[in-house]
Amino acid sequence: MADTLEFNEIYQEVKGSMNDGRLRLSRQGVIFKNSKTGKVDNIQASELAEGVWRRVALGHGLKLLTKNGHVYKYDGFRESEFDKLSEFFKAHYRLELAEKDLCVKGWNWGTVRFGGQLLSFDIGEQPVFEIPLSNVSQCTTGKNEVTLEFHQNDDAEVSLMEVRFYVPPTQEDGVDPVEAFAQNVLSKADVIQATGDAICIFRELQCLTPRGRYDIRIYPTFLHLHGKTFDYKIPYTTVLRLFLLPHKDQRQMFFVISLDPPIKQGQTRYHFLILLFSKDEDISLALNMNEEEVEKRFEGRLTKNMSGSLYEMVSRVMKALVNRKITVPGNFQGHSGAQCITCSYKASSGLLYPLERGFIYVHKPPVHIRFDEISFVNFARGTTTTRSFDFEIETKQGTQYTFSSIEREEYGKLFDFVNAKKLNIKNRGLKEGIKQSYDEYADSDEDQHDAYLERMKEEGKIREENANDSSDGSGEETGEGWGRG
């Protein structure tokens, strides 16, 4: 028999092969080189503890376990290659290549076994599936339940994000099976651990999403939200965008953190973390670092001792740690002088902020739509009253957002804004249940007559005159012409 065997290894993902490479077995050990990344697995023969041969989705696979608990899997073998591999393992590694088939009964009730870096869910003596615990990013417990969350795989179009296990209660005194399960997972999982002291702590901040009061501890690589009921660790790598938005009352500020993947609370996913601050609330902040460390790390963006409005301190620290620009409203100004528009989305009333590159709605549910995602916008007649209108946005993926009950006085300002941003504007009206299509105004010039806009301005003037005469002219308004262009 030759001292060296070579096999092509193929690991199939959902679409095609992701980790093709070459597997080489020799007297010294096993070497696998990934063709795509060039990464090399090098397993010394003396480290091998067990070899398992089994049928997998495409052909047969080889699972190797080492003495220090690591697991390596290589798929793409033919059934006829088992005898040759088995003899090689006996001769050079002094190991029996055991044949173990996976259970395909489809049952969801079994036994969880922990071995090395692996969680195995077995029915009888046959494994159903295995989870490498190094892929676990978070482990949370509930009543008779353990939830495992996984690191996101950026190379895969579809990836598993969460698995839940129901753990039945036990009669044994002093042993909580849920806690024991979680500790077994956490002992090997790649979970963010709060080691060392936080750079700074903000106490009892008002959080709208998820609702409650939270302490926010700022660490070098992640954000720790600690509340009475829930506890979140948010890596800065999951932060997409930061927004600082003035409330319409001019006394409060929203600070919005966009997250991907979102944080989870039970079945609920939170893609946005929304904090609400009073402008009058001030704070003096001292970073838990010496001045040289602060200067070296933040290069003047932060100082050891800072003071000012609470919202300014939080946003300034977050900007420096996350290394993201903070998005604020642009030059839009509504009828009331605010940089936002009061409206309703779904069942709740909130505020819509036109930004330089998109729209954001706060706060329940929060929505962020970039201009480059938008197919067209539409100004529609209000369904319940002629005193308001609806602003509709349809994305290129076909998703539609309807912001309703917008005051009629806001029409001119909003129309001018979307027109200046060169968004496609598609007006339609409802008359006797028939939808009427109207011309798009995206490419119209200033000289082109906009009947809808003129009508709105005229009605605004009439109402102002009636208000000056201390009379209510609402009875004279029939709302004719709404939705026409």
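What follows is a working chat about the cores, salt bridges and helix ends of this predicted model.

Q: Before we start, what kind of model is this, and how are the residues numbered?
A: This is a predicted model in which local features need pLDDT of at least 70 and side-chain atom pairs count only at pLDDT 80 or more, while totals for chains, interfaces and linings use all residues. Residues are numbered from 1 along each chain as its sequence is written, and side-chain values use heavy atoms, with hydrogens and water left out.

Q: How many residues are in the largest nonpolar core, then?
A: That core has 41 residues, and Phe 202, Ile 218 and Leu 223 have the most contacts inside it. A nonpolar core here is a set of buried Ala, Val, Leu, Ile, Met, Phe, Trp, Tyr and Cys residues joined through side-chain atoms within 4.5 Å, where buried means under 20% relative accessible area, exposed over 50% and partly exposed in between, using a 1.4 Å probe and protein chains only.

Q: Which helix gives the largest share of it?
A: Helix α4, residues 310-322, supplies nine residues; helices (H or I, at least four residues) and strands (E, at least two) are DSSP runs numbered from the N terminus.

Q: And what is Leu 223 in contact with?
A: Taking contact as heavy atoms within 4.5 Å, and leaving aside neighbours within four places in sequence, the partners of Leu 223 include Ile 216, Ile 218, Tyr 232, Ile 257, Leu 273 and Met 318.

Q: Which residues does the second core include?
A: The second core is separate and has 26 residues, among them Phe 371, Ile 393, Phe 415 and Ile 425. Phe 415 is also one of the buried residues of helix α5 (residues 411-420), which are Tyr 411, Gly 412, Leu 414, Phe 415, Phe 417 and Val 418.

Q: Switching topic, how many salt bridges does the structure hold?
A: There are 13, a salt bridge being a side-chain nitrogen of Lys or Arg within 4 Å of a carboxyl oxygen of Asp or Glu. One of them pairs Glu 130 with Lys 63, with the closest N and O atoms 2.7 Å apart.

Q: Where do Glu 130 and Lys 63 lie?
A: Glu 130 is in strand β11 (residues 126-132) and Lys 63 is in strand β6, so the pair ties together parts that are 67 residues apart in sequence.

Q: Is that pair buried or exposed?
A: Glu 130 counts as buried at 16% relative accessibility, and Lys 63 counts as buried at 9%.

Q: What about Asp 372, which residue does it form a salt bridge with?
A: The partner of Asp 372 is Arg 370, with the closest N and O atoms 3.1 Å apart, and Arg 370 is partly exposed, with a relative accessible area of 29%.

Q: Last topic, what happens at the start of helix α3?
A: A side-chain oxygen of Asn 290 reaches to within 3.2 Å of the backbone nitrogen of Glu 292 at the start of α3 (residues 291-298). After α3 comes Glu 299, whose phi is positive, near 50°, and just after α5, Lys 422 takes a positive phi of about 60°.

How values were computed: A polar contact is a pair of N or O atoms within 3.5 Å; within protein, one must be able to donate a hydrogen and the other to accept it, and residues adjacent in sequence count only if both atoms are side-chain atoms.
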